[in-house]
Amino acid sequence: MKPARLQSFLAAILCIYPTGACAADHRWRLDIDALLTRYDSNRGSDFHSTQAISIRGGLYLNDYLALESGAVLNNRVIDDTRKDIAGYYQASLEQQSLLLGLRASHRFTSPYEIYARLGLAYARTELEITEAFADDTTPQSTSASDRTLGYYMAFGGTHFITPTIEAHLEFGRQTQTDLFSDRSRYPFDLDALSLGFGIGILF
């Protein structure tokens, strides 16, 4: 799904669902998640897993739908060391994202809930290449950064500890397309696949 199509889809959803009283008469929510993230690109890079933190705020539009925005802050992650005819090289990647989207949920018999999140992700991605032309040479590093508009989706389950505090587990994916297309002949797509555990506070 392209970001432009997703923007139209989100706008249509907001028009369909009228605002009103939210679930359990709470209008706002705050979510803080710890993530284990693995990157996957269509260029064959094998990045190691890394840790991230996600912070999101949400406004309930009705019992089932909330508008959310937030940020995802990832630690730098490295690729495996590779060898070519000139020597050795290693890539590292760091990505920070701003999110804007919707959270749809369905409450079962208390205290359980399932939910899905979908939205736009504006990300800054920094790629660094460290290269050594022989074992005894000092490695040299070059880096570049790119800002792209992508999308994210996530699915999870919630357990309410109290009426206003819950714990949740979710699987997510964030996709940025055509990274470095303005400066490279070989742009690539990047998926961030994540497993997250966090808490949500309703107020």
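**Cores and cavity**

Mentor: In this predicted model, alanine 192 touches Thr37, Arg38, Tyr39, Gln95, Gly172, Arg173 and Gln174, once its neighbours within four places in sequence are set aside.

Trainee: Which residues make up the largest nonpolar core?
Mentor: That core has 10 residues in all, namely Tyr39, Phe47, Val77, Ala91, Leu93, Leu179, Phe180, Phe188, Leu190 and Ala192. Strand 6 (88–107) and strand 10 (188–202) each supply at least two residues of this core, and strand 10 gives the most, with 3 residues.

Trainee: And what does the second core include?
Mentor: The second core is separate and has 6 residues, among them Val72, Leu99, Ala121 and Tyr152.

Trainee: Switching topic, how many cavities of 30 Å³ or more are there?
Mentor: The count comes to 1 cavity at that cut-off, and the space in the largest cavity is about 190 Å³.

Trainee: Which residues lie nearest its centre?
Mentor: Of the 19 residues that line the largest cavity, those nearest its centre are Leu35, Val72, Arg173, Gln174 and Ser194. Elements giving two or more residues to this lining include strand 1 (28–41), strand 2 (50–60), strand 3 (65–74) and strand 8 (140–162), while strand 9 (165–179) gives the most, with 4 residues.

Trainee: What is the lining like by class?
Mentor: The lining of the largest cavity has 7 nonpolar, 8 polar and 4 charged residues. Val72 belongs to the second core and is also one of the lining residues nearest the centre of the largest cavity, whereas Arg173 and Gln174, both in contact with alanine 192, are likewise among those nearest that centre.

Conventions
Residues numbered from 1 in each chain as written. Predicted model: local features only at pLDDT ≥ 70, side-chain atom pairs only at ≥ 80, totals over all residues. Heavy atoms only, no water. Core = buried A, V, L, I, M, F, W, Y, C linked by side-chain atoms within 4.5 Å. Buried < 20%, exposed > 50% of the residue type's maximum accessible area, 1.4 Å probe, protein only. Contact = heavy atoms within 4.5 Å. 1 Å grid on protein atoms, 1.4 Å probe; cavity = no way out; pocket = protein on both sides within 12 Å on 5 of 7 lines; lining within 4 Å. Points joined across faces, edges and corners; volume = space filled by probe spheres on them. Nonpolar A, V, L, I, M, F, W, Y, C, P; charged D, E, K, R; others polar.
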